[in-house]
Amino acid sequence: MRFSRLFGKTLRQAPAEAESVSHQLLIRAGMIAQVAAGVYSYLPLGWRVLRKIEQIIREEMDKAGGQELTLPVLQPFELWQQSGRSVSFGQSLFTLKDRKEHKLALGPTHEEVITKLVQRYVQSYRDLPLLLYQIQTKFRDEPRPRGGLLRVREFIMKDLYSFDVDEAGLDVSYKKMSQAYKNIYARLGLPALIVEADSGAIGGKESHEFMVITESGEDEIIYCSNCGYAANRERAQFAKAVITSEEKQPLPLEELATPGTKTIEGVAGFVGVPVSQTLKAVFYSADGEFIFVVIRGDLEVNETKLRNALKCSELRLATESEVSEAGIVAGFASPIGIKDVKVVADDSITLGSNFIAGANKSGYHFRNANYPRDFRVDFMTDIALAHSGDNCSNCGSRLSSAQGIEVGHIFKLGIFISEKMEAFFLGRDGTSRPIVMGCYGIGLGRLLAAIVEQSHDGKGIIWPLSVAPYQVYLCPLYLDSPELASIAEDVYQSLEKGGIEVLYDDRSESAGVKFNDADLLGIPLRLTLSPRTLQKQSIEAKWRTEKETQLLPLENASAEVSRLLKGKNWLGKGE
RNA sequence: CGGGGUGUAGCGCAGCGGGUAGCGCGCAUGGUUUGGGACCAUGAGGUCGGAGGUUCAAAUCCUCUCACCCCGACCA
């Protein structure tokens, strides 16, 4: 490809709205262009990278036994009603009406459609297992797109669905996919960490995310460097410290005047006890129902855990007026004596005794509140948010935290969808059972952005050889010399003939401009041709990742370059 | 949806005590240059996000509105 003919232009300055590194570099390199919030065009260079990523994913899916197909983007809304996910996806589902006023959805994912399809063709256990996938555009009306390609409303995703006869079969499919994903990240040069995850609106039970650790990541990972436990913070477990008060025996409940102490810190300070010696009350609205949450004063509520515990789809903090309508005195609330309100407790309230708790009247708290002696709860489970510094629930070591980009998510769906979509099969024993499903998603654009996020320097992008838009940047200097121009042209032709992907900088720009563009675009190997190298009948080669240059004989340069490229692995590292 | 911010040439920005728009980069033409973003000359390019209002006069003041970005809520 001749640079002078390439559509797209490198920019010295990134547009003001681009904040994340990947966003800035991808725009400056002329690889993507924004159309609307969370909607992007891929320019030729960016599209080449995306297609390479796609091909790697396709190869790994095929190797794992996947069969590629394509499902429609346009889906009848009824399918979403049938699965019940029109509710759980809620506003994120893009919907539209056709000319007959029939409601349709733009697919944010394809469990419904594929399960319907599989239902038509699978009748017997003999038809299973199946691994079906597609690579296709998804639509999600995200509340807040951000970070360039990191979170968008229209994106290309590979989604694979597994169909098995039982849980054991699902485990096998899940492992295959997990391995295929690891292979993909390895080939992309992405150090991805697998972590336990919440399954969110997709549903199902077990799920894992693949995370690339980088500061710009929007997810927080809690991990234990001792035993290897790692989980998304939404999901993370930790060992809650047991608080032993001086008096282990429950003491009689006492009312205590605590004027003006509306916060946990305020009360604890006023009474002179640690915050862990108090009970915190937090109020939520879950699908419209008022929820009273109790948790030990030193902990915070994990809203994802709470949502899962309540099995609700919409969860938010209750407003002040909702709290007072429920008859609760904010700042002095506790479940003691509370009636007609659903109370959910974190199990931390049993890890201690004689707590300070609200007296449900302004200016007063109770001393020596104990569960279950003094109050009841509707149910109790783990709804606490893990922090770095907490203890690992596996091994007791200190947990750490890191920011990460979610570059893949795999789910064990079980029969959650297949039951609703009536996808049953006949087992060997003649009984009809729902197909056991898994789903496995990976967003290509986000993958591309993640690569840039963790592989760049002050000059620009550093693509791994496996996905670089071109392998070689041919950079002749002093192109106005007819002799040099003609040799450069010959080299270009011979590289192309040799099957090497080459971007030929045929512009008559100065050396600095060309070198800077080569670095910005992140092409792995740069070849410089100038009177200086010509004098030695050679061409200069330089890897994007290295400082040193080397001279290659001009004669059969193509073969020499091939040799160089083959000497590198797909990441362009090592010999 | 809550909070904050920005919309002026392709990109980055200035102008905003009202008088009809300018700088840098980029772009075009010509010339001199060239191993890490050269220089000179000439030139093209703008309904100042949109609508309404105030005024003799609005990029500038007022009202409404739209878009985009960031934080949060939310989210495979």
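**Domains.** I started with the domain assignment of chain A, which gives domain 1 (16-72 + 106-217 + 403-453), domain 2 (254-381) and domain 3 (464-567); such bounds come from an automatic or database assignment. I kept in mind that this is a predicted model, where local features need pLDDT of at least 70, side-chain atom pairs count only at pLDDT 80 or more, and totals for chains, interfaces and linings use all residues. Residues are numbered from 1 along each chain as its sequence is written, chains are lettered from A and ligands numbered from 1 in the order in which they are written, and side-chain values use heavy atoms, with hydrogens and water left out.

**Domain 1 against domain 3.** I found their centres, taken over C-alpha atoms, 37 Å apart. The contact (heavy atoms within 4.5 Å) takes 13 residues from domain 1 and nine residues from domain 3. I noted a buried area of about 1000 Å², 68% of it from carbon and sulfur atoms; this is the accessible area (1.4 Å probe) that the two parts lose on being put together, summed over both. On the domain 1 side, Leu 45, Arg 48 and Lys 52 lose the most area, together 45% of what that side buries.

**Charges.** I then looked up salt bridges (a side-chain nitrogen of Lys or Arg within 4 Å of a carboxyl oxygen of Asp or Glu), and the rule finds two across this interface. Lys 52 forms a salt bridge with Glu 501, with the closest N and O atoms 2.5 Å apart.
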